[in-house]
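Please read these points with the model open beside you.

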Amino acid sequence: RILLQYYNGGSLNEYSLKNIECLTKIKDLCNKSKVNLILVNTPVNIRYKNKIPKKFKIKYEQLTESMKIKVLDLSDLLSQEHFFIPDGDHVSQKGAITTTEYIGTKLK
């Protein structure tokens with residue numbers, strides 16, 4: 001899955017300028033509408049997380065800091081294998097229920 005998302009023909013992809021542009025527009029729209037934007041890092045399997053190229057992690061951190069976007073980091077919320085489907089970046093039904101319940105407690 002990592003190879004499909006971050007690599008092309010064995011070479012590491014560049015950042016998606018379109019995605020960065022969209023995030024900027026979303027942030028601007030939220031500011032104009034007085035909406036508090038919060039990005040959610042969803043749970044991922046630790047083996048998947050450890051394979052995400054460092055350059056993408058750094059860029060994400062730089063963008064969220066420079067744009068002053070709050071981040072709710074749930075990437076380490078789930079640790080057991082049964083909370084994920086085999087691709088590592090999608091939760092199973094049990095993982096979805098656990099994540100939803102956790103978010104519900106944070107919104108109260």
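1. How much accessible surface does the protein have, and what percentage of it belongs to carbon and sulfur atoms? The accessible surface comes to about 8,000 Å², and 57% of it belongs to carbon and sulfur atoms. Accessible areas come from the Shrake-Rupley method with a 1.4 Å probe.

2. This is a predicted model, in which local features need pLDDT of at least 70 and side-chain atom pairs count only at pLDDT 80 or more, while totals for chains, interfaces and linings use all residues. Residues are numbered from 1 along each chain as its sequence is written, and side-chain values use heavy atoms, with hydrogens and water left out.

3. The protein has five helices and four strands, in the order α-β-β-α-β-α-α-β-α from the N terminus. Helices (H or I, at least four residues) and strands (E, at least two) are DSSP runs, numbered from the N terminus.

4. The C-alpha trace spans about 45 × 40 × 15 Å along its principal axes. Of the 108 residues, 29% are buried (under 20% relative accessible area, 1.4 Å probe, protein chains only).

5. Take the contacts (heavy atoms within 4.5 Å) between residues at least 6 apart in sequence: 71% of them join residues at least 24 apart.

6. The protein carries 18 positive and 11 negative charges, and their mean positions are 4 Å apart. Lys and Arg count as positive, Asp and Glu as negative; His and the chain ends are not counted. Each charge is placed at NZ of Lys, CZ of Arg, CG of Asp or CD of Glu.

Conventions. Buried means under 20% relative accessible area, exposed over 50%, partly exposed in between (1.4 Å probe, protein chains only).
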